[in-house]
Amino acid sequence: MPAPPIYTTPAIRKLEALAAARPSVLMERAGAAAAELARSLCGDTAKAILILAGPGNNGGDAFEVAAHLKRWFFRVSVVFAGERNKLPQDAQAALGKWEAAGGTLLDDIPKDPRFDLAVDGLFGIGITRPLAGAHAALVQRVNSLGTPILSLDIPSGINADTGAVMGCAVRASHTITFIAHKPGLLTLDGPDHCGELKLDTLGLDPAKLLAADGELLDKDILARALAPRRRNFHKGMAGSVGILGGAAGMVGAAVIAGRAALRCGAGRIYLGLLTPRPPYLDYSQPELMLRKPEDVLEKGLLSVVVAGPGMGKSKAAANLLRVALKAPVPLVLDADALNLIAANRALLVVVGKRAAATLLTPHPAEAARLLGEDTRTVQADRVASARLLAQRYRSFVVLKGNGSVIAAPDGRWWINSSGNPGMASAGMGDALTGIVAALLAQGTEPLTALLAGVYLHGAAADELVATGTGPVGITASEVIDRARALLNRRGGD
């Protein structure tokens, strides 16, 4: 099944233009779909609903919703934050329907409101500047009502392309988005503001009309990650992973990565620890083989190399990384390996010249160092930042965070739909690195390994929360074990 497409604002505008239906028909469909959702949220009993209608086509959607709900005998109050004579033509027609149904317009939210639901139709995907003045005050007021809020297309004040808050934004409990997913609903601050997200394509098939800008990563990727093992199988067929890291005080990072690789199916795992007094054995996971770092890179030993977990930034670490970059096998770079590359142009050049696949797993601060920017700039447009990293370093990249963004050197990109705030915990990035390495070692194509590893990592944390563990206090070790369970039942429920 194809991944759900994602479109930026210019592409959504093209889809609207390409649609066979007239724009007014799309507005009518949007209003009907949103009204049905509002009715289901309220129940069939007549309840009081507040509707905020803005000065553009999002306001038109809101008027359509209001007219439907009034005909269904809900008590509807509409606050119009615009000027009638400046409304687009289709929005004016929708306003006419509301008034023909007996509806009136308010200038502000009543002082002593008692609403069962608020519908946010102030601003849609066209917002280009921060909300201010009366519009900002209206957003703050509706947020303070303590009432469930249904946003139309996107919460007012959220940038549809980046997920950034434009001054202030509605905090919706539900959002119904139209035609296709937008990046801003899925990453940065978007998910915290849109609540439960529902897509209604308004009867269109966007992917047939226009190639998608990006794709939404979902559980279907797991079915493509690994082929079922035949019975005549041995550990050599599951590949060998070498992990370089674990400097003094940070041995646990490399161990977590090693345990993740082992429990997600890699045949052999070698840890090359940089600490001056390395342990000889991991007593909790004796299957891991501990060696000197230089021995791990022995020719022909490995299917995949991981560099970075707990590696440190010493001269010895930089020299080891220089050797690892020359390995003729897929290479996963995380944590201090990324920091070393950002600080050393010679290493950067070697990355760009690698023949085998390179996978980078930075968080926003690491991405900023790699790009020579500050973290705020990276977060201001996460999709653009991930794509720039992938192109500059000729690597597959995951920019971690809320709505992790995966990008390929050819410009393609994905946003991950799994994960939760419980993953803001020590060792989570090391676990992801090990999961991705395990898939690579078992023969998964590099891009698919990164996509599947990122989704699996988040889905494991989501399942922990769903079964009563977390989000507070989730550990990387718990995620690893749950990832193994999900991987073994991939393709099922």
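Colleague: At roughly what angle do the axes of helix H9 (residues 251–263) and helix H17 (residues 428–441) cross?
Modeller: This is a predicted model, with local features needing pLDDT of at least 70, side-chain atom pairs 80 or more, and totals for chains, interfaces and linings using all residues. Numbering runs from 1 along each chain as its sequence is written, and side-chain values use heavy atoms, without hydrogens or water. The helices are DSSP runs (H or I, at least four residues). The H9 and H17 axes (lines fitted to C-alpha atoms over the stretch in contact, angles 0 to 180 degrees between N-to-C directions) come within 7 Å and cross at roughly 35 degrees.

Colleague: Which class of angle do H2 and H4 form?
Modeller: The axes of H2 (residues 23–42) and H4 (residues 89–100) come within 10 Å and cross at roughly 45 degrees. Under 35 would be roughly parallel, over 145 roughly antiparallel, and 65 to 115 roughly perpendicular. The rest is oblique, so the class for H2 and H4 is oblique.

Colleague: How many charged residues are in the contact of H2 with H4?
Modeller: Pro-23, Ser-24, Met-27 and Glu-28 of H2 meet Asp-90, Ala-91, Ala-94 and Lys-97 of H4. Four of the residues are nonpolar and one is polar. The charged count is three.

Colleague: Arg-39 lies over the face of which residue?
Modeller: A charge sits over a ring if Arg CZ or Lys NZ is within 6 Å of the centre and within 35 degrees of the normal. Arg-39 is 3.8 Å from the ring centre of Trp-72.

Notes. Helix = DSSP H or I, 4+ residues; strand = E, 2+ residues; numbered from the N terminus. Contact = heavy atoms within 4.5 Å. Nonpolar A, V, L, I, M, F, W, Y, C, P; charged D, E, K, R; others polar.
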